[in-house]
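Please open the structure in your viewer and keep the selection tool at hand. The stops below are taken one after another.

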Amino acid sequence: MALTFVRDPQLTPALREELADLWLDVSQAGGAVGFVPPVTAEDIAPVMRRQLDDVTAGGARMLGAYEGDGGSRLIGTAFLKLNSHHLMTHWCTLVTVMVHPALQGGGRGKAMMREAIEMARDLGFHAVRLGVRGGEGTERFYETVGFKEVGRVPAAIRVAPDDHRDDITMWLPLV
């Protein structure tokens, strides 16, 4: 596993296409990245466009994880969503954290999270917030890189008419 991380990669048409494919694959595999399968590329497109527009406007920063010859294939992402409220600009929120489902379980996600945390630290943030969909068990993964659960809203996420999940807030102090 030779990963290459790129902070704030250039948002080329090729990267946008790779991101769309990755987001679709993760969503179809049941990853908690804003959708519930079955999902289509058309479902993801407007959400992805808004997120990348936010990056372009300076409201978010992107971390890309690449693997392959010379780090040629996008296999994971994490976005640091910046706060615009003047009392909260000292922390950011990690969103759309994903690693391709075929590559999970080999340490790539943990390596990417460590890089995202370092990116936040290098940007001068004092803490990182993370929202997790309950019922997936992913909070245990995030605990392995230092996040702690600090709040939970029961049944706040509806993944189906009869399936409600907790919205879990996790926090990682950096200073």
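Eleven salt bridges are counted in this predicted model.

Select E67 and R73 to see one of them: the closest N and O atoms are 3.9 Å apart. E67 counts as buried because its relative accessibility is 10%, while R73, at 41%, counts as partly exposed.

R108 belongs to helix α3 (residues 108-122) and E67 to strand β2, so the pair ties together parts that are 41 residues apart in sequence. R108 counts as buried, at 14% relative accessibility.

Next, select R7, E115 and D122, which are linked in a network of salt bridges.

Move to E136 and R165, a salt bridge whose closest N and O atoms are 2.7 Å apart. E136 sits in the loop between β5 and α4 (138-143) and R165 in strand β7 (residues 163-173), so this pair joins parts 29 residues apart in sequence.

Now select R133, in strand β5 (residues 127-133). R133 is buried but has no salt bridge; E136, the nearest side chain of opposite charge, is 4.2 Å away. What lies 3.3 Å from a polar atom of the R133 side chain? It is the backbone oxygen of F35. Other contacts of R133 include G31, T138, I157 and D166.

Finish at helix α2 (residues 41-57), whose end C-alpha atoms are 24 Å apart. Its buried residues include I44, M48 and L52, and among the elements covering the buried residues of α2 are α1 (13-28) and β3 (73-82). Just after α2, G58 takes a positive phi of about 90°.

Definitions and conventions
Residues are numbered from 1 along each chain as its sequence is written. This is a predicted model: local features need pLDDT of at least 70, side-chain atom pairs count only at pLDDT 80 or more; totals for chains, interfaces and linings use all residues. Side-chain values use heavy atoms; hydrogens and water are left out. Helices (H or I, at least four residues) and strands (E, at least two) are DSSP runs, numbered from the N terminus. Buried means under 20% relative accessible area, exposed over 50%, partly exposed in between (1.4 Å probe, protein chains only). Lys and Arg count as positive and Asp and Glu as negative; His and the chain ends are not counted. A salt bridge is a side-chain nitrogen of Lys or Arg within 4 Å of a carboxyl oxygen of Asp or Glu. A polar contact is a pair of N or O atoms within 3.5 Å; within protein, one must be able to donate a hydrogen and the other to accept it, and residues adjacent in sequence count only if both atoms are side-chain atoms. Contact means heavy atoms within 4.5 Å. The expected span of a helix is 1.5 Å times one less than its number of residues. Lists of a residue's contacts leave out its neighbours within four places in sequence.
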